[in-house]
Amino acid sequence: MSAYRAGRGRIRRREPGRRAGRRTDGRGIVHAPSTRATAWLLVALAAASGCIDVICLTKLNGYFASVVTGNLVHFGHALATADTRSLEGAVVAVGGYAVGVAGATVPLRHTPPGWNRRTAVVTSVEAVLLLGFTVGWLACSARPGYGFGLVLLAMAAVSSGIQSVITVAAGVRGASTTYLTGSLTELVRRRVVDPHRFADVGGVGRLAGLVVGAVLGTVVLRTAPTWASVPAAVLVITVIALAVGLTQRARTAANRSRPS
């Protein structure tokens, strides 16, 4: 029996083969990793974010690659104190993040939620930026000057903006891998509203991933500083490889189950 739903004063027919919780095309064929698998991929992206933010916070004049709130506070402080250098850093951090968001939104704005080919391509751009950051970090022996530090900050901020859009496009409701204040707020709020409700494992995982990434970045920064950004790049590349592999496996399984 065909399923119908009302919307904006008219009846819309649900796409054939569409089932809740599964990512399908119009023929009902699954072409993306499951929501659970995607949630774990987002944990890895949160870890990458924690790793790169540690470098930016401790070595690039206290700015974040992804935490726009903190960077806006820097911006306000720089305005009040007429600190030109601090103002430039804040503009680069916030502006770079905005550029990353805009740049990633354009190719993904018409794609359905979930990991797909376009998502993989956009994530690859983030990986390239992180690899570029790593090369630059190695080239300056983890001691960038003021000007080159702004270049590295811009690369990190743009990559974080891209990652934020990727996370939203992944289709996991309310998920974030860069700014996690909302994730913590929702996690605590749900727990207070309904103490017997099972915890949001994905939200806890992303929060833990961010912390683990920050710890990893700090350890590498102290023991082998020139390689500090390598874990972030490796994590993002691993996410791409796993997402592509899971998508291919889901497509293969769906094709096998189709009636001949």
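A nonpolar core is a set of buried Ala, Val, Leu, Ile, Met, Phe, Trp, Tyr and Cys residues joined through side-chain atoms within 4.5 Å. Buried means under 20% relative accessible area, exposed over 50%, and partly exposed in between, with a 1.4 Å probe and protein chains only. This is a predicted model, in which local features need pLDDT of at least 70 and side-chain atom pairs count only at pLDDT 80 or more, while totals for chains, interfaces and linings use all residues. Residues are numbered from 1 along each chain as its sequence is written, and side-chain values use heavy atoms, with hydrogens and water left out.

**Core**

- The largest nonpolar core holds 45 residues.
- Ile52, Trp115, Phe133 and Trp137 have the most contacts inside this core.
- At least two core residues come from each of helices H1 (35-59), H3 (84-108), H4 (117-139), H5 (146-169), H7 (201-223) and H8 (230-257); helices (H or I, at least four residues) are DSSP runs, numbered from the N terminus.
- H1 gives the largest share of the core, 10 residues.

**Helix H2**

- H2 covers residues 68-81, 14 residues in all.
- From first C-alpha to last, H2 reaches 20 Å, close to the 20 Å expected at 1.5 Å a residue; the expected span is 1.5 Å times one less than the number of residues.
- Gly70, Asn71 and Ala78 are the buried residues of H2.
- Seen down the axis of H2, these buried residues fall within an arc of 100 degrees, so they line one face of the helix; the arc is that of the directions from the helix axis to the C-beta atoms.
- Thr69, Val73, Leu79 and Ala80 are exposed on the other side of H2.

**Loop between H1 and H2**

- Glycine 62 sits in the loop between H1 and H2, and counts as buried at 17% relative accessibility.
- The C-alpha atoms of glycine 62 and histidine 74 are separated by 8.7 Å, with the two residues 12 apart along the chain.

**Surface**

- Leu184, Val188 and Val192 make a nonpolar surface patch of about 270 Å²; patches are made of residues with over 30% relative accessible area and no salt bridge, with nonpolar side chains (Val, Leu, Ile, Met, Phe, Trp, Tyr) joined within 5 Å and like charges within 9 Å.
- A salt bridge is a side-chain nitrogen of Lys or Arg within 4 Å of a carboxyl oxygen of Asp or Glu.
- Valine 192 lies in helix H6 (residues 181-193) and is exposed, with a relative accessible area of 61%.
- Arginine 117, in helix H4, is exposed at 72% relative accessibility.
- Arginine 117 and alanine 243 lie 126 residues apart in sequence and 9.6 Å apart in space, C-alpha to C-alpha.

Definitions and conventions
Accessible areas come from the Shrake-Rupley method with a 1.4 Å probe; for residues, only the protein chains shown count as cover.
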